[in-house]
Amino acid sequence: MARTPIIAGNWKMNNTIVEGKNLVRGLAPLVKDAKVTVVVCPTATALAAVADAALGTNIHVGAQNVHWESHGAFTGEISTGMLNEIGVDYCVLGHSERRGYFGETDEGVNKRAHAAFAAGITPIICCGESLEQREAGVYLDFVAGQVKAALAGFKPEEVAQLVIAYEPIWAIGTGKTASFEQAEEVCAHIRKTVAAEFGQEAADGIRIQYGGSVKPATIKDLMKQPNVDGALVGGASLKAKDFSEIVNY
Ligand SMILES: O=C[C@H](O)COP(=O)(O)O
């Protein structure tokens with residue numbers, strides 16, 4: 001099954017409303033002929049303005065998190081209904097920064113993923129090992145465990161529509177990108193894990209991104225890997241020129 005690659009820019013805690021709008025306006029003409037799904041994920045405050053600036057372009061807008069409850073006393077959280085109102089199509093979930101700094105758990109990621117999917121928002125579910133786990137040789141099992149936990153309770157035909165982002169923590173924002181072989185090894189293992197849990201069709205459909213210091217210079221060879229279906233880009237997504245070069249690899 002042919003999978004359309006997906007390249008998403010995770011802006012993290014960068015870009016005000018004005019900066020975000022300017023970035024998307026600069027990006028739109030540069031990526032208008034992209035052969036991949038293009039997504040930008042601004043901060044919550046800039047979501048509506050960026051979605052507005054992206055109207056009529058091929059740029060999709062994603063959030064950086066969403067809560068599983070529809071409303072209520074959850075200070076600092078955002079609901080799927082709020083994202084639907086803005087026209088958000090994707091949502092990054094379980095990023096290692098959320099897990100590491102804000103205590104997000106596998107169980108919470110699973111609940112957020114179900115809520116997003118039910119609301120028509122495609123989850124981009126992040127997973128990835130620490131340097132210690134890699135050096136201890138437990139990284140494949142660890143990542144497979146994160147994936148199984150995040151996908152628990154989904155039906156195979158739903159799993160086929162999801163996006164997983166494999167982001168080794170040691171490669172995020174460090175300039176130390178994983179080698180193409182390392183990225184492919186884990187992405188292939190994720191697909192194998194999905195096949196074992198949900199069947200081959202689900203595994204053939206799900207899109208698996210690599211994330212961690214992706215740059216214009218590294219994207220081409222990364223995308224040659226059979227199990228890498230795109231990238232989740234942090235730092236290099238903050239400049240229209242760099243991100244467009246990644247998108248147009
Ligand atoms: O979500 C994106 C990743 O954490 C990668 O960030 P980076 O490209 O700055 O290493």
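Which residues does V228 touch, not counting residues up to four places away in sequence? In this predicted model, local features need pLDDT of at least 70 and side-chain atom pairs count only at pLDDT 80 or more, whereas totals for chains, interfaces and linings use all residues. Residues are numbered from 1 along each chain as its sequence is written. With residues up to four places away in sequence left out, V228 touches A183, E184, C187, I208, Y210, L222 and M223, contact being defined by C-beta atoms, placed from the backbone, that lie within 7 Å. V228 is found in the loop between α11 (216-222) and β8 (230-233), where helices (H or I, at least four residues) and strands (E, at least two) are DSSP runs numbered from the N terminus. V228 is buried, with 23 other C-beta atoms within 10 Å; a residue counts as buried if 20 or more other C-beta atoms lie within 10 Å of its own, as exposed if 12 or fewer do, and as partly exposed in between.

For the protein chain as a whole, the secondary structure comes to twelve helices and eight strands, and buried residues make up 46% of the 249 residues. Of the contacts in the protein chain with a separation of 6 or more, 72% are accounted for by residues 24 or more positions apart.

Two helix pairs were examined through their axes, which are lines fitted to C-alpha atoms over the stretch in contact, with angles running from 0 to 180 degrees between N-to-C directions. The axes of helix α7 (residues 139-151) and helix α9 (residues 180-198) come within 10 Å and cross at roughly 45°, which makes α7 oblique to α9; angles under 35 degrees count as roughly parallel, over 145 as roughly antiparallel, 65 to 115 as roughly perpendicular and the rest as oblique. The contact is made by Y139, L140, V143, A144, V147, K148 and L151 of α7 and by V186, H189, I190, T193, V194 and E197 of α9.

The axes of helix α1 (residues 17-31) and helix α2 (residues 47-54) come within 9 Å and cross at roughly 25°, and α1 and α2 are therefore roughly parallel to each other. This contact is made by I17, G20, K21, V24 and R25 of α1 and by A49, V50, A53 and A54 of α2.

Note on methods
Two residues are in contact if their C-beta atoms, placed from the backbone, lie within 7 Å.
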